[in-house]
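This report describes selected features of one structural model. Please view the sequence and the structure together while reading.

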Amino acid sequence: MTELKKISILGSTGSIGKQTLDIARVNGDLKITALAANRSIRLLEQQVREFRPEFVCVYDEQAARDLKVRLGDLPVRVVSGMDGLIEAAAGTDAETVVGAVVGMIGIRPVIEAIRAGKDIALANKETLVCAGHLIMPMLREYGVRILPVDSEHSAIFQCLKGEEENRISKILLTASGGPFRTKTREELQYVTVADALKHPNWSMGAKITIDSASMVNKALEVMEARWLFDVPIRNIQVVVQPRSVIHSMVEFEDGAVKAQLGTPDMHLPIQYALYYPQRRYLAGERLDFFSLREITFEAPDPEKFEGLKLGMEAGLKGGNAPVVFNAANEFAVKEFLQGRAGFLNIPEMIRKALSQVPFREDPSLTDILEAEQETYEVLKCLQQ
Ligand code: MG
């Protein structure tokens, strides 16, 4: 019998969670110990019936009660709220926790999973963006690893394999430029939610698709890369490469540049994180360089994608600035998705929040969660 690797998935009904379960379904040697989701209980019920975890967390309490009724015939425990999410992260014998919850809500469960000695397959950007200064020292303390799931960070991670002794001179973080790459700033004033949800290459959840359209996503990825690979922000360069063939690159001291390429399919970075350092067969299209013919590059336009510029500034400033940047963006994207704000109000709200929420150097976890609330308060007042 093959040995089972136990994993717990936080955010199992989202895009990364579903694709993680695809990998579990195909490989058959992954045992799911816990599943957690916000409130999509119909899909969660199917997942529980198929993968039979020990317990399942539904963040929303009413939805958790409903799921309990639906799963009455199974010996599975249903938990809810932040306590439930933390239990799903830290309270099973999983070796690896897939952190794929969207938003700052994912920070505490990841911290608890690290304390419980679990490796983290990390897809939640907010964890390192907001709390990288707290989390990176914890990895050493508890002897665990973060295995990046985001395609760019996975690419960098793959390029760095075997280069442990060598100094990185630059990280070249690639970006597709999203659906609005060729639009003018004036045109961006009138784009709709539907326009912003049409990503040219990747299929992802709504929040991250909007973040890709505004390029705020790339700013978050720069901040994340800074912690993951211990490279200063000034040595991380965003390179727009519209077809998403190169998933990112690393330049070394001698000028050599290594890149990881592939078709845009998140199954690859997820599978790499789950079985690292092993590579496994993965079905799917392969790159065909003759039909591809060319790969083009351009610099991002900082005036048009103001969110990217503000994010780079927040990252350079450090302290709680990345927290405010991220919370303001979460707030603004929600407003945009619900039709209460225009697309260009997103960077505007971020700018206002960054200038109004008090700056704090070296924030604790409590300070981080407070800065998040302060940001929401500031923006709620402005929206009224
Ligand atoms: Mg990405």
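In helix α3, the residues Ala-63, Ala-64 and Leu-67 are buried (under 20% relative accessible area, with exposed meaning over 50% and partly exposed in between; 1.4 Å probe, protein chains only). Viewed down the axis of α3, its buried residues fall within an arc of 105°, so they line one face of the helix; the arc is that of the directions from the helix axis to the C-beta atoms. Lys-68 and Val-69 are exposed on the other side of α3.

The buried residues of α3 pack against α2 (41–51), β3 and β4, where contact means heavy atoms within 4.5 Å. Helices (H or I, at least four residues) and strands (E, at least two) are DSSP runs, numbered from the N terminus.

**Basis of the model**

This is a predicted model, in which local features need pLDDT of at least 70 and side-chain atom pairs count only at pLDDT 80 or more, while totals for chains, interfaces and linings use all residues. Residues are numbered from 1 along each chain as its sequence is written, and side-chain values use heavy atoms, with hydrogens and water left out.

**Strands β3 and β4**

Strands β3 (residues 55–58) and β4 (residues 77–80) run parallel and are joined by four bridges; pairing requires at least two bridges found by DSSP. Val-56 stands opposite Val-78 in β4.

**Magnesium site**

Asp-150 (OD), Glu-152 (OE) and Glu-221 (OE) coordinate the magnesium ion at 2.1 to 2.3 Å. Donors are N, O and S atoms within 2.8 Å of the metal (3.2 Å for Na, K and Ca); water is not among the atoms, so sites may look incomplete. Asp-150 counts as buried at 10% relative accessibility, and Glu-221 counts as buried at 1%.
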